[in-house]
Amino acid sequence: MSITSWAGTLFLLAGSFGRVDTRFLIAARPIEAGRTRLDGIVFTRRSRTALGRALFDPVSLRVRRLFTHGYLAEEAASLRGPQYRPAALLDCDRVMIEFFCWLAALQDESGRRNEGLGVCA
C-alpha cells in the first residue's frame, strides 16, 4: 500500500493485492472540536467490453467500496483519535517534522501562512 499526500488534505492510496489493483482518493476537511471529516472515492478499471461495463463493473465497484470502507473503518478505530502534539515529536520523527514545516509554509486562500504547527523555527 502506498500513500501520496498533497498538502495534507488530499491523499491517494494505491495497493496491489495479487491480480487486483485498488486506488482511492481521500479528501480531509477539518470540522468542529478538532475532528476531521474524510470523504473517499474508490477507483476501479473499466471492463473492456460493453457487457462487462454493464454487468461486472457495478458489482466490482460496490465490492471495492465495501472493502475500502472496512479497511478505513478498521484503521480509524485502531488510531483511537490521534492528536497533534509537537512537543512529543522525537528526533526519529524528522521526516514528519519536515512535512509539518513544509505544511506550515503553505498559504491559505487569503494569502496568510499557516502558523501554530509548533515544530518549525
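A salt bridge is a side-chain nitrogen of Lys or Arg within 4 Å of a carboxyl oxygen of Asp or Glu. By this rule, two salt bridges are counted here. The structure is a predicted model, in which local features need pLDDT of at least 70 and side-chain atom pairs count only at pLDDT 80 or more, while totals for chains, interfaces and linings use all residues. Residues are numbered from 1 along each chain as its sequence is written, and side-chain values use heavy atoms, with hydrogens and water left out.

The protein chain contains four strands and two helices. Helices (H or I, at least four residues) and strands (E, at least two) are DSSP runs, numbered from the N terminus. Along the sequence the order is β-β-β-β-α-α. Of the 121 residues in the chain, 16% are buried. Buried means under 20% relative accessible area, exposed means over 50%, and partly exposed lies in between (1.4 Å probe, protein chains only). A contact means heavy atoms within 4.5 Å. Among contacts with a separation of 6 or more, 19% are between residues 24 or more positions apart.

The strands are described next. Two strands pair if DSSP finds at least two bridges between them. Strand S1 (residues 2-6) pairs with strand S2 (residues 10-17) in the antiparallel sense, over five bridges. In this pairing, Thr4 stands opposite Leu12 in S2. The hairpin of S1 and S2 has three residues between the strands, and Ala7 takes a positive phi near 55° there. S2 also pairs with strand S3 (residues 20-30), in the antiparallel sense and over eight bridges. Here Phe11 faces Ile26 in S3. Two residues lie between S2 and S3 in their hairpin, and Gly18 in the turn has a positive phi of about 70°. S3 in turn runs antiparallel to strand S4 (residues 36-43), joined by eight bridges. Phe24 stands opposite Val42 in S4. The hairpin of S3 and S4 has five residues between the strands, with Ala33 at a positive phi near 60°.

Asp21 lies in strand S3 and Arg45 in the loop between S4 and helix H1 (50-79), so the pair ties together parts that are 24 residues apart in sequence. Asp21 is partly exposed at 30% relative accessibility, whereas Arg45 is exposed at 67%. A salt bridge also links the side chains of Asp39 and Arg37 (2.9 Å, N to O). Asp39 is partly exposed, with a relative accessible area of 32%. Arg37 is partly exposed too, at 41%.

The structure holds one aromatic pair. The ring centres of Phe24 and Tyr71 are 6.4 Å apart and the planes stand at 70°, so the pair is edge-to-face. Phe24 in strand S3 and Tyr71 in helix H1 are 47 residues apart, and the pair thus links distant parts of the chain. Rings of Phe, Tyr and Trp (its six-membered ring) pair if their centres lie within 6.5 Å; planes under 30 degrees apart count as stacked, over 60 as edge-to-face and the rest as tilted. Phe24 is buried, at 3% relative accessible area. Tyr71 is partly exposed, at 33%.
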